[in-house]
Each structure stands twice: as C-alpha cells, then as structure tokens.
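Hi,

Here is the structure I promised to pass along. Have a look first, and my notes on the sheets follow below.

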Amino acid sequence: MTSRKIIAIVGATGAQGGGLARAILADPGGGFAVRALTRHVQSDKARALAAAGAEVVSADLDDEASLHRAFQGAYGAYLVTNFWEHFSPDREKAQAAAMARAAKAAGLKHAIWSTLEDSRRFVPLADPRMPTLMGQYKVPHFDAKAEADQFFIDAGVPTTFLLTSFYWENLIHFGMGPKPGPDGALLWTMPLGTAKFPGIGVEDIGRCAYGVFKRGTELTGQYVGIAGEHLTGEEMAAAIGQALGQPVRYNAVTPAQFRGFGFPGAEDLGNMFQFNTEFADDFCRTRDLNASRALNPALQTFRQWLDANKANLPLT
Ligand SMILES: NC(=O)c1ccc[n+]([C@@H]2O[C@H](COP(=O)([O-])OP(=O)(O)OC[C@H]3O[C@@H](n4cnc5c(N)ncnc54)[C@H](OP(=O)(O)O)[C@@H]3O)[C@@H](O)[C@H]2O)c1
C-alpha cells in the first residue's frame with residue numbers, strides 16, 4: 001500500500017490527463033501517486049504510463065460501475081470528457097454525471113473537473129449574432145461542460161472547476177496550423193479578429209492541475225482559469241513566423257466564414273471563436289497568467305512552446 005495520495009486520472013492517455021500524470025510521475029517525492037484510467041489498458045500509451053510508475057486500471061465513462069471501482073481508495077481525481085470523440089452534449093453530460101456520482105460514492109477529497117464557460121450566459125439563445133446549434137446551445141462543447149458543473153455541486157463533491165484554454169497543439173493535431181497560401185507564403189487562417197486570445201501548451205494544463213492538487217483543498221469550490229499567454233492572431237502569426245524563420249501572415253476570416261468551412265465541429269468552433277473574441281476581456285480576465293504561473297512555475301509562453309514544437313507543425 002502506498003502512503004501517497006492517489007489521483008485517479010481520467011484521460012491519462014490523452015492530452016490533459018497525460019500532462020497531469022507526467023507532472024505527478026516527475027515528482028516522486030511530491031506525495032501523490034497516479035492511477036491512470038483507460039478503456040485500453042494494453043495500448044502503447046497505457047503501457048508507457050505503467051512503465052513510468054503509474055497504476056493503470058480499466059474504466060469507461062459510459063460504464064458507471066467501472067468508475068466506482070476505479071475511484072475506490074483514491075484521494076482525488078482529474079475528470080475530463082472528450083466531446084470530440086462523439087460530438088454529443090448529452091453523452092458528455094451523462095459521462096460527467098456518472099463521474100460526479102462515482103466521486104461522491106468513493107468519498108474523494110478533491111476532484112478537478114475540466115470545464116468551460118456557458119456561452120449562453122454571454123450570448124442568449126435568442127441572440128441572432130450566432131446560430132443556435134442542436135436546438136439549445138451556442139457553443140455545445142462549452143455549454144455541456146458548464147451545465148455539468150452542477151452535477152458536482154449537487155453531489156457534494158469537493159471540486160475545483162478548471163477552465164482550460166485553447167491548446168497550442170491544435171496547430172499540430174487539429175488542422176489549425178499555418179498553410180501555404182496561393183503565392184506559396186504561409187498563411188495562418190483564424191477567426192480571431194483583433195482580440196487577445198488565451199492559449200496554452202497542453203503539458204502546462206497538467207502541470208497547473210498538479211499545482212491545484214498540491215494546494216490541498218484551498219481551491220475546492222472555486223473556478224480556476226489557466227492560460228500560458230493572451231495573444232492576438234497577428235501576434236501569434238508573427239511569433240510562428242519568427243520561430244520558423246519565414247514570414248507567416250495572419251489571415252483573419254470571420255466566424256461566419258469559419259462556420260462554413262464544413263468540417264465536423266466547424267459551426268461549434270466558429271461560435272466558440274466568436275464568443276471568445278467578442279468577450280475577450282472576460283475570457284482573458286478569467287484566465288489570469290500570474291495565477292497560472294503561480295500554480296505552475298514552468299508555464300510556457302507561446303514562443304517557448306513554438307521553439308519546443310515547431311518541428312512538428314505540418315505546414316501543408
Ligand atoms: N483542443 C483544445 O484546444 C481544447 C481546449 C480546452 C478544452 N478542450 C477539451 O478537452 C477535451 C478532451 O481532452 P483531451 O484533449 O485531454 O483528450 P484527448 O487527448 O483527445 O484524449 C482523450 C482521452 O479521453 C479518454 N476517454 C475518452 N472517452 C472515454 C471514455 N468513454 N472512457 C474513458 N476514457 C475516455 C481517452 O482514454 P482512452 O482512449 O485511453 O480510453 C483519452 O485519454 C474535450 O472535451 C475538449 O472540449 C480542448
């Protein structure tokens with residue numbers, strides 16, 4: 001039996017949870033141990049976590065009994081859903097509700113729920129500036145997470161509500177990197193207007209979450225927003241260009257144009273960028289850089305992230 005506090009990590013094989021798992025495993029004297037939850041205990045990522053010292057257990061967010069088993073004996077849990085696997089707000093809410101019930105049943109002392117704002121507090125459904133999606137959302141992958149906050153409150157789980165930011169890794173994995181324009185020069189096409197936009201390297205989300213757990217229960221019941229830097233589209237394109245050593249031009253499309261790009265989730269993301277940029281002051285204020293750095297002194301700026309990751313930008 002370990003005397004260290006076990007953190008059960010949903011999504012440990014993914015971006016957010018993986019960053020937290022690595023942050024804990026990199027600090028063996030920190031008093032915490034990793035229990036990695038995955039549907040695929042034999043996957044390469046699960047095996048790598050086990051090799052690095054994590055306990056790996058089988059659990060599925062669609063199978064509540066598996067969560068009850070996986071949370072038994074844990075001190076805390078990092079809880080995240082993956083909207084982009086199914087595009088269903090109902091399923092995301094059902095998964096969050098199951099996690100809240102299982103966290104309560106296991107008597108967890110501290111849960112971190114990876115949530116986002118309810119865009120409808122800022123842009124009511126009747127507001128025509130952006131389309132209503134699925135009949136009841138403006139930004140489905142934000143609004144569903146925000147609705148799910150109440151499950152943790154109602155269940156009485158001591159929860160920190162972590163408001164994350166746009167991953168800079170979207171430039172690598174989500175098709176959002178710079179691409180050659182008609183003249184061959186690189187264009188970075190984003191609907192950010194001239195607003196400041198909070199972003200973060202995913203490893204830093206995990207390190208910030210570790211910082212939250214290290215504070216004990218100081219931050220339970222609170223919303224904690226995190227970001228690595230607040231930058232305009234123009235500033236981001238310039239930083240990418242400097243890192244690559246070739247010019248990158250910011251191609252500011254409108255949210256409506258972005259919604260029309262037609263890929264799965266384009267409307268949801270177009271609404272998200274419109275909401276994030278039209279309410280940039282609120283969105284950035286909620287994601288304070290000094291508070292993020294206090295949780296995670298290794299917090300990267302965009303330029304630091306670019307220098308470490310520029311070789312992985314597809315550029316095609
Ligand atoms: N991209 C962004 O800029 C951004 C910014 C803020 C928030 N987000 C939010 O981040 C969330 C995704 O998190 P991520 O990027 O860390 O995920 P990710 O890297 O895509 O990986 C998904 C993780 O979720 C786990 N998972 C998914 N469904 C599961 C289920 N039914 N049962 C158990 N585990 C399950 C997977 O585990 P196994 O496959 O091993 O079971 C995997 O570890 C999304 O909801 C998105 O809205 C994204």
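Strands here are DSSP runs of E with at least two residues, helices are runs of H or I with at least four, and both are numbered from the N terminus. Two strands count as paired if DSSP finds at least two bridges between them. Within this pair, P180 has L186 in β9 as its bridge partner.

Before going further, this is a predicted model, so local features need pLDDT of at least 70 and side-chain atom pairs count only at pLDDT 80 or more, while totals for chains, interfaces and linings use all residues. Residues are numbered from 1 along each chain as its sequence is written, and side-chain values use heavy atoms, with hydrogens and water left out.

Back to that sheet: it is open, with three strands in the order β8-β9-β13 and mixed pairing. Its edge strands, β8 (179-180) and β13 (248-252), each pair on one side only. Helix α9 (residues 233-244) packs on it, touching β9 and β13 (contact means heavy atoms within 4.5 Å). The direction of α9 makes about 155° with that of β13; axes are lines fitted to C-alpha atoms, for helices over the stretch in contact, and angles run from 0 to 180 degrees between N-to-C directions.

The other sheet is open too, with seven strands ordered β3-β2-β1-β4-β5-β6-β11 and parallel pairing. Here β3 (55-58) and β11 (223-225) are the edges, and the twist averages 20° from one strand to the next.

Cheers
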